[in-house]
Structures are given as structure tokens and as C-alpha cells.
Amino acid sequence: SRPHSVVVVGGGGSRAAGDILAAVAGSGSPVPVMTFGGPSLPGWVGPTDLVVAVSGSGRTPETLAVAAEAARRGCRLVVVSPRQTPMEHLADQTRGAVSIEVGIPTVSGKWRARTLMWSLATPLVLMAGGLGLVDDAQAAVDAAADALDETADVCSPLRDSVVNDAKRLAVDVALSLPMLWGTGDVGSIAVKRFARQLAENAGLPSVVGTLPEAARTQSVLLAGPRAGHADLDDIFRDRVEQPEAATKLRLILLRDAGEHPETAALAQAAAELAEGRGVPTNVFAATGTHALTRLASLVGVCDFSSIYAGLALGLDPMSAANELDGRVR
């Protein structure tokens, strides 16, 4: 039977799978779908709720702790992880728990959870379809896969930057401070994903927001010292003491086709304001009818862009490591 709520737990790149499910289910879902990072389960979660523990490694301590707590509370439990891992073992030891195996593709023997986003999210979308939380789940997964294949062709390394949106965007974000604004459920998840990818693949910081809230809390940046109107490099600047001018802001809008009309008007106004302030702007509009397909159309380009940006800056995206997390471990 349908649970009272669906709680997806995952850390780092694995959490993106829960974000995707929440965006695809949307506000029309008959039950709430929420994502948490752990290390504890909200107090209101109980036996009538479904807890989905997602881990690309199958060993994430916070996710393991939450899954074990869900088992103790008698929650329905679904585990998404690779085989022969502590996460799968926990599911095997929990009565009624369901374990979904995820294969781990590697590149030169290496892998990162952020590269498994679609592998981790697809079981969740299909499961939600079976529960009646997502319409046409299988068709949506197939269409999203087709959209990603198309993006892989359009953004291929073999395509010149003149016709490659991802390569042009990579240059733009590498030479600026990107302010990422999303609209709608799909756009808000896409900008979060883009920010994570820029940080992990290219070591680049960004400012992330969702309209309309970002218009109230971040629009002042368009009038700040990083805005384009201040991009008047002093020709008398001492190049020894001040070798580089400050990195300037760039507005990047990831727009969902299902955005509210008022949000659409606000996004247009934001682009016009940025242009008036000399802040360069990139606008990407989602394509497709289903939320999952629209998300794939945005995420695909952004993922490619983050990889190109990392390579352009002389980084190996697959070798990037979380030094802080390693120190704690």
C-alpha cells in the first residue's frame, strides 16, 4: 500500500537521486517526498513511512546510520547500493527490506558517486511510478535516456566550441563567478547539481538560488563590486601589487518549462536587469514534456560543462578528492 511519506537519505553525490525524485514527483504528489543527508532520521518518521537509503559506495556512514535507525523504528526500507556492501548486508538482515543493486561503472579503475546519479535515481523513479507518485515513469526514464544520448552527441569533445554549448559555458564559468538561478522544481534541482559538479569537477565556487526567493536575497549582487558595471579595469593599476582584476559575476538561468507565469516574468526581468548592469547572462531552457526529461536536458549540458571547465583549468575531474571528508574519516 502507499506509504504516508517517502524519505530519501543519501550523502554527497548520492543525495542527488533523492533530489531528482522530489522534483519529478513535484507538488502534485499524493504523499510528501523529502530528501535528507543524515546522520539521523527525523523524529516523525515511523512504520507507515518509506525510507529509501541511497549510497553509491554502499558504505556511507551517515546513510548506514539512518538506514539502521529506520529498521529499528519498523519503517519500510529500500536500499539502493552496489552488491556485497555494508548497505546491502543491512537490508538482508532487516525483515521486509528491499535491496536494489546498482552497478558501478569505472574509468581507469576509479569512480565517483556523482557519476552514478542516473543509475541511482532511475530505480527511485520507477519505484515511485509503481506507488502512483510519478506518472508514466518507465516512458519518462526512456525519454530521459534519449535526451542524454542527444546531449552526449551535441556536447561531444569532437564538436568545436562554436557549436558546442557545453564548451562555451565551460569557458564562461571558468572566467567568472557564476550565479546560478533555477526556476520551477526542475530548475532548482538542476542548479544545485551544477554547483556540486563545478565544485567537484573544476574546483570552482558558485552562488546558487531559486526564483522567486533568489530575487529577494541575492539580486543585490547585481549591484555589488562583482557586477559587470564595475568591470572597468584601472589602466593605472599596479600589475605587480595587483596582478589580477577581481573575478566578475555571471548570471546563469536554468529555466523549467513548467515554471509559474510569475516566476517566468521574474526570470525575464532578472536577465534584463543583469544586462543593464553589465553582467553577462546565459539562459538555458528545459525541453521535453515530462519533468524527468526536462531535468535531463538541463543536467546533461551542465555536467559536460563542468568536466570541460576542470580540464581547461588543468584539473583531472576523476582525481578530485574531498580532503576535508578524508581527514574526518
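This is a predicted model: local features need pLDDT of at least 70, side-chain atom pairs count only at pLDDT 80 or more; totals for chains, interfaces and linings use all residues.

Colleague: At what angle do the axes of α6 and α10 cross?

Modeller: Helix α6 covers residues 165–174, and its axis comes within 8 Å of the α10 axis. The crossing is right-handed. As for the angle between α6 and α10, it's roughly 55°.

Colleague: Which residues of α10 make the contact with α6?

Modeller: On the α6 side you've got Asp 165, Ala 166, Lys 167, Leu 169, Ala 170 and Val 173. By class, the contact of α6 with α10 has eight nonpolar residues, one polar and two charged. The α10 partners are Val 301, Phe 304, Ser 305, Tyr 308 and Ala 309.

Colleague: Now α5 and α10: why do they count as roughly parallel or oblique?

Modeller: The axes of α5 (residues 137–154) and α10 (residues 291–312) come within 8 Å and cross at roughly 25°. Angles under 35 degrees count as roughly parallel, so α5 relative to α10 is roughly parallel.

Colleague: How many charged residues are in the contact of α5 with α10?

Modeller: From α5, the contact includes Ala 140, Val 141, Leu 148 and Thr 151. They meet α10 residues, among them Leu 292, Gly 300, Val 301 and Phe 304. The tally for α5 with α10 is eleven nonpolar, three polar and, for charged residues, none.

Colleague: And what's the handedness of the crossing where α5 passes α10?

Modeller: Those two axes come within 8 Å. The crossing of α5 with α10 is right-handed.

Technical notes. Residues are numbered from 1 along each chain as its sequence is written. Side-chain values use heavy atoms; hydrogens and water are left out. Axes are lines fitted to C-alpha atoms, for helices over the stretch in contact, and angles run from 0 to 180 degrees between N-to-C directions. Helices (H or I, at least four residues) and strands (E, at least two) are DSSP runs, numbered from the N terminus. Angles under 35 degrees count as roughly parallel, over 145 as roughly antiparallel, 65 to 115 as roughly perpendicular and the rest as oblique. A crossing is left-handed if the near helix is turned anticlockwise from the far one by less than a right angle, and right-handed if clockwise. Contact means heavy atoms within 4.5 Å. Ala, Val, Leu, Ile, Met, Phe, Trp, Tyr, Cys and Pro count as nonpolar, Asp, Glu, Lys and Arg as charged, and the others, Gly among them, as polar.
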